[in-house]
Amino acid sequence: MSTANRYQHIKSTKPVVGKAKKLKDLMIKSDNRICADCGAPDPKWASATIGVFLCLKCGDVHRALGPDISKVLSVTLDDWSDSDIDSMLEVGGNSYANSIYEAFLPKDHPKPKPDSTMEYRTKFIRAKYETQDFLKPSLRISSRSSFKSTTSTKSVDSSFSSTSRKDVFEDTREFVGELNITVVKGTNLAVRDMLTSDPYVILSLGAQRDQTTVKPSDLNPVWNEVLKISVPRNHGPLKLEVYDHDTFSADDIMGEAEIDLQPMITAVMAFGDTSRLGDMQIGRWFMTKDNALVKDSTVNVVGGKVKQEVHLKLQNVESGELELELEWVPI
């Protein structure tokens, strides 16, 4: 039976509609088809308070932590309240949660595996969620309900959540920050003329658009150009398109991709003023089958500024990669 069929119903006696449909859609994303803590396939449990999907063994450990830390529900058998579903959707699943709870996971502290002992599994999960050893101590989340509050009193409420669904309302009148986006370079871009292309990059967020200059006859262009985009309170993904400039006909598409801004914004909201922090990693956008990342993209504090290097494989095209650097500018 396919994964999609396994998740055909959240509760078999009810049709999957409304918020339940959104929860189902979240469950079948590739990063949510494995346990957030040990990587076991086909998780049947979830922590509504933390926003992650779990296998049976890890779910048992979470249940022992108590519902104030981790409220465990079956994704197929239990009745889900609207608030429980909202909490899961607000976090966005395993990748987003792990980008916070595992931001400072030491390389010599491996995650449990599906066949790990319960002793090691319990030790890791308690360190990750109960004592929050992999977050900076002064920035530990005091309320686990979908990252809604931190010890710095910064609120990360649902108004900052990002989604790629078409029904997002983009309020461009109210901004939470700005992005300086350096389009660094392209590699092995597609040919659209006789032997080469004249590429340029367009970035868009809602109604905002900005673009680079055209690089004539260059399949490996180096731009190092900074584009500026304001981030509205309710935002979708940052969309990227590469085109071949043509003088006498319509420009040809050379690939596209989307950049999920939520890992950066979640980290920014959780850490607050970073100007006094030393250089450190504060978040991560994980590479999955559902995004265009070539490798994991880390969110870092560098010289007091929040930056994120992004390496993308262009989609819907025969070849091409693009490298960018995002810098958060508070307003």
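Biologist: Which residue stands opposite leucine 203 in β6?
Modeller: In this predicted model, aspartate 210 of β6 stands opposite leucine 203. The strands β5 and β6 (residues 208-211) pair in the antiparallel sense, over four bridges.

Biologist: What lies between β5 and β6 in the hairpin?
Modeller: Two residues separate the strands of the hairpin. Glycine 206, in the turn, has a positive phi of about 65°.

Biologist: What about β8: how many bridges join it to β5?
Modeller: There are six bridges between β5 and β8 (residues 238-244), and the two strands run antiparallel. Within β8, lysine 239 stands opposite serine 204.

Biologist: Is β5 mostly covered or mostly exposed?
Modeller: Strand β5 (residues 199-205) is mostly covered, with seven of its seven residues buried. In a regular strand, side chains alternate between the two faces of the sheet. Here Pro199, Val201, Leu203 and Leu205 are buried on one side, while Tyr200, Ile202 and Ser204 are buried on the other.

Biologist: Changing topic, in what order do the six strands of the open sheet come?
Modeller: The order is β7-β4-β13-β12-β11-β10, with antiparallel pairing. The edge strands, β7 (222-232) and β10 (280-285), each pair on one side only. Ignoring direction, neighbouring strands of this sheet are turned by 25° against each other on average.

Biologist: And how is β10 joined to β11?
Modeller: Five bridges join β10 to β11 (residues 297-302), and the strands run antiparallel. Arginine 284 stands opposite threonine 298 of β11.

Biologist: On to the core: which residues have the most contacts inside the largest nonpolar one?
Modeller: They are Leu312, Leu324 and Trp328, in a core of 44 residues. Helix α7 (residues 262-271) gives the most to this core, with seven residues. A second, separate core has 25 residues, including Cys38, Ile69, Val72 and Phe124.

Biologist: What is leucine 312 in contact with, leaving aside neighbours within four places in sequence?
Modeller: Its contacts include Leu240, Ala257, Ile259, Trp285, Val294 and Leu324. Glu258 and Glu321 are also among the residues that leucine 312 contacts.

Biologist: Last topic: at what angle do the axes of α2 and α4 cross?
Modeller: The axes of α2 (residues 18-27) and α4 (residues 82-91) cross at roughly 35° and come within 10 Å. The crossing is left-handed.

Biologist: Which residues make that contact?
Modeller: Helix α2 contributes Lys19, Ala20, Lys22, Leu23 and Leu26, and helix α4 contributes Asp82, Ile85, Asp86, Met88 and Leu89. By class, the contact has six nonpolar, no polar and four charged residues.

Notes:
Residues are numbered from 1 along each chain as its sequence is written. This is a predicted model: local features need pLDDT of at least 70, side-chain atom pairs count only at pLDDT 80 or more; totals for chains, interfaces and linings use all residues. Side-chain values use heavy atoms; hydrogens and water are left out. Axes are lines fitted to C-alpha atoms, for helices over the stretch in contact, and angles run from 0 to 180 degrees between N-to-C directions. A crossing is left-handed if the near helix is turned anticlockwise from the far one by less than a right angle, and right-handed if clockwise. Contact means heavy atoms within 4.5 Å. Ala, Val, Leu, Ile, Met, Phe, Trp, Tyr, Cys and Pro count as nonpolar, Asp, Glu, Lys and Arg as charged, and the others, Gly among them, as polar. Buried means under 20% relative accessible area, exposed over 50%, partly exposed in between (1.4 Å probe, protein chains only). Two strands pair if DSSP finds at least two bridges between them. A nonpolar core is a set of buried Ala, Val, Leu, Ile, Met, Phe, Trp, Tyr and Cys residues joined through side-chain atoms within 4.5 Å.
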